[in-house]
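Trainee: I would like to go through this model with you. Could we begin with confidence and then turn to the interface?

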Amino acid sequence: MSGFKTNNRTIKWLDSRLPVFSTMNHHLIDYPAPRNLNYLWNFGSLAGIVLVVMIITGILLAMQYTPHVDMAFDSVERIMRDVNYGWLIRYMHMNGASFFFIVVYAHMLRGLYYGSYKAPREVLWGLGVIILLLMMATAFMGYVLPWGQMSFWGATVITNLFSAIPWGIGDALVTWLWGGFSVDNPTLNRFFALHYLLPFIIVAVVFLHLWALHAFGSNNPLGIDAKGPQDKIPFHPYYTVKDLLGLGVFLIIFAGFIFYAPNYMGHPDNYIEANPLVTPAHIVPEWYFLPFYAMLRAITFDIGIPFTGITLIDAKLGGVLVMFGSIIILFFLPWLDTSPVRSSRFRPLYKLFFWVLVVALLVLGYVGAMPPEQPWVTIGQIATAYYFAHFLIVMPLLGKLERPKPLPASIADPVLKPGPATNQ
Amino acid sequence: MKKLAIIAAAAAFLGLAQAPVVQAAEEVEIPSHDWSFSGMFGTFDRAKQQRGLQVYREVCAACHGLRLVAFRNLADLGYNEDEIRSLAADYQVEDGPDENGDMFMRDGVASDRFPAPFPNENAARMANNGALPPDLSLITKARQQGPDYLYHLLLGYQDPPAGVEMMDGMYYNAYFPGHQIAMAPPLMEGAISYADGTPATTQQMAEDVTYFLTWAAEPNLEARKQMGMKVILFLLIFTGLLYAVKRKVWADLH
Ligand code: HEM
């Protein structure tokens with residue numbers, strides 16, 4: 001790779017003092033990437049672009065929004081009706097949140113399928129999990145801002161989870177979070193402040209994420225390390241154009257929702273102004289939280305010492321621990337997976353269990369949208385049990401029991417062609 | 001095969017977003033009606049919207065507010081400035097305080113919003129047997145399958161089936177969740193005489209007022225769909241070009 005060259009004296013002068021140009025060149029132009037990345041590797045750059053779209057539309061919305069319980073709902077309707085293209089900005093931001101999760105979930109499943117979390121990319125993966133947690137907090141607080149019925153009741157249900165913490169800490173914590181004795185104006189104000197802040201923290205963590213990525217470069221569909229320059233190609237023009245093509249396809253689908261089904265992923269109750277005196281028939285979170293909501297509700301029993309009647313963890317606290325645990329567990333993936341082989345392509349058994357996990361997640365998502373009645377409770381419990389078993393039992397055992405298929409000698413290995421080594 | 005599985009998984013995931021719908025609709029299946037504003041090329045129908053405005057003003061406005069809609073917005077329905085000015089002047093709105101510090105009533109102007117029928121919630125409940133008639137500004141977005149639901153709700157009054165015990169002051173409605181609604185059947189055959197001479201059947205009025213209220217809830221629907229066409233057409237061409245460029249750039253690698 002050639003390094004950064006220019007004849008422009010001003011640029012040379014600046015670059016020798018603050019090497020922005022050579023750094024950009026190093027990371028975006030010459031940056032060597034495996035030659036066989038498939039389209040699942042597009043989701044990282046897509047997530048970055050969606051993040052930028054969210055920040056821009058969010059700042060525009062904030063210029064017209066009023067974070068006060070008496071005015072928030074109407075100020076959003078004013079944006080929809082009276083602000084020039086306000087409806088467009090709001091629908092982009094609203095659907096952008098859903099698409100952000102679609103993109104990031106795809107990005108994570110890609111990592112899971114190709115073993116991208118394994119050494120030496122553990123820190124990269126862990127930073128990803130931190131981003132996911134920050135995204136969830138941001139999305140949750142953002143949903144409260146329009147101050148509709150689901151905003152209010154969702155906020156009430158979720159903040160109340162903290163009251164599960166025992167020894168009186170929980171209740172004190174909830175009062176502190178609310179800034180009062182229920183979700184009210186102080187809550188709305190601080191949620192707005194934090195909702196504005198967190199995306200910029202996400203940007204910072206994304207930088208660390210990319211820094212960690214560029215320490216070793218991308219994994220690839222074969223999961224083997226590059227053996228030499230013949231296995232790599234410069235990021236530009238190969239992956240710039242491929243990422244752009246993916247962006248084009250993404251934007252077509254995104255635009256389809258914004259212009260033709262802008263409220264498809266929302267809940268109609270959020271077009272009713274918040275009313276603390278009227279509880280909606282079913283309080284459901286946004287779709288991207290449904291699998292976690294199902295895990296929260298799966299714990300319907302107290303956990304204690306058998307035959308003594310002593311309760312150690314009541315059902316509510318158990319549900320909260322399981323829900324947060326379902327994400328915390330992802331931090332430990334690099335060490336729970338004992339197989340030295342990264343890609344599922346060479347792990348027939350792991351591949352099978354990967355798809356079982358995907359099914360379990362879809363089932364959990366469905367159960368999360370159902371009322372907490374049978375048979376959904378039992379189905380949710382089984383799927384939750386599988387989710388944890390997948391990481392705590394299946395993954396450690398498979399590494400020992402499974403016989404992986406033989407790995408190719410290198411990414412460019414001509415014997416493999418026209419097999420999976422080419423991009424697909 | 002793998003790609004298919006991924007697409008199927010993504011589709012199932014999107015389908016999940018609709019799961020709550022299944023849940024709410026369990027109670028009653030709402031048949032879908034043919035609306036000119038649905039679909040990619042959907043537009044409103046000015047004549048129906050204007051008649052719907054008349055239904056709202058002469059019937060629903062007795063109980064329901066429309067607080068997010070201003071008279072000036074009625075230009076969307078094809079009214080000119082003079083028509084809007086005289087329509088607004090039919091209403092009395094509170095203004096003030098004047099130099100003596102008193103509030104006073106004056107004729108409405110184009111920038112005013114539709115005044116509420118009751119001074120406050122308690123007065124509204126008092127007049128309606130304890131029930132609260134909701135503001136209708138967003139009603140078609142605040143209900144699942146909003147326009148279909150509204151249309152069928154207005155026509156869904158029936159005699160209660162045998163064995164159903166009706167509460168005091170409640171009416172049986174096939175489409176209202178729980179079937180007991182505190183709103184008396186608002187539409188009566190020929191209750192109004194349309195300015196354009198259309199016979200005022202209950203179906204006609206229900207359809208017209210749904211057109212009007214769908215516009216009230218989503219006044220930018222037409223602009224949105226028209227812009228969508230242009231944006232997506234552009235993106236299709238842009239992405240097609242990128243596809244060609246990508247193939248060309250990658251050709252030397254294969
Ligand atoms: C704001 C959200 C995120 C952004 C903007 C982002 C951005 C990126 C980008 C641009 C890449 C390189 C391109 C690619 O491999 O697709 C990448 C790689 C990666 N990301 Fe993320 N990411 C985000 C969230 C996450 C999350 C939530 C996780 C998982 C917990 C994660 C895990 C990874 C891993 C393991 C890689 C390396 C993949 C490989 O080389 O095979 N990321 N990320």
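Trainee: What is the mean pLDDT of chain B?

Mentor: This is a predicted model, and the mean pLDDT of chain B is 90. Of the residues of chain B, 89% reach 70 or more. One stretch to treat separately is residues 12-26 of chain B, where the pLDDT is below 50.

Trainee: How is chain B divided into domains?

Mentor: Domain 1 of chain B covers 48-69 + 113-219, and domain 2 covers 229-254. Taken over C-alpha atoms, the centres of these two domains of chain B are separated by 50 Å.

Trainee: Now the interface. How many residues does the contact take from chain A and from chain B?

Mentor: Chain A gives 61 residues and chain B gives 53 residues. The area buried between the two chains is about 5,000 Å², and carbon and sulfur atoms give 70% of that area.

Trainee: Which three residues supply more than any other three of the area that chain A buries against chain B?

Mentor: They are A:Arg81, A:Phe259 and A:Tyr260, which together supply 15% of the area that chain A buries against chain B.

Trainee: What about polar contacts and salt bridges between chain A and chain B?

Mentor: There are 13 residue pairs in polar contact between chain A and chain B, with both residues at pLDDT 80 or more. Four salt bridges are found across the interface.

Trainee: Which elements give two or more residues to the side of chain A that touches chain B?

Mentor: Those elements are α4 (72-81), α5 (86-113), α10 (235-260) and α14 (348-369) of chain A. The largest share, 17 residues, comes from α10(A). By residue class, the side of chain A that touches chain B divides into 43 nonpolar, seven polar and 11 charged residues.

Trainee: Back to the charged pairs. With which residue does A:Asp82 form a salt bridge?

Mentor: One partner is B:Arg113, with the closest N and O atoms 3.3 Å apart. A:Asp82 lies in the loop between α4 and α5 of chain A, and B:Arg113 in the loop between β2 (104-107) and α5 (121-127) of chain B, so the pair joins two chains. The side chain of A:Asp82 also meets that of B:Arg72 in a salt bridge, at 3.6 Å from N to O.

Trainee: How many salt bridges does the structure hold over all chains?

Mentor: The count over all chains is 23.

Key:
Residues are numbered from 1 along each chain as its sequence is written. Chains are lettered from A and ligands numbered from 1 in the order in which they are written. Side-chain values use heavy atoms; hydrogens and water are left out. pLDDT is the predictor's confidence in each residue, from 0 to 100. Contact means heavy atoms within 4.5 Å. Domain bounds come from an automatic or database domain assignment. Buried area is the accessible area (1.4 Å probe) that two parts lose on being put together, summed over both. A polar contact is a pair of N or O atoms within 3.5 Å; within protein, one must be able to donate a hydrogen and the other to accept it, and residues adjacent in sequence count only if both atoms are side-chain atoms. Helices (H or I, at least four residues) and strands (E, at least two) are DSSP runs, numbered from the N terminus. Ala, Val, Leu, Ile, Met, Phe, Trp, Tyr, Cys and Pro count as nonpolar, Asp, Glu, Lys and Arg as charged, and the others, Gly among them, as polar.
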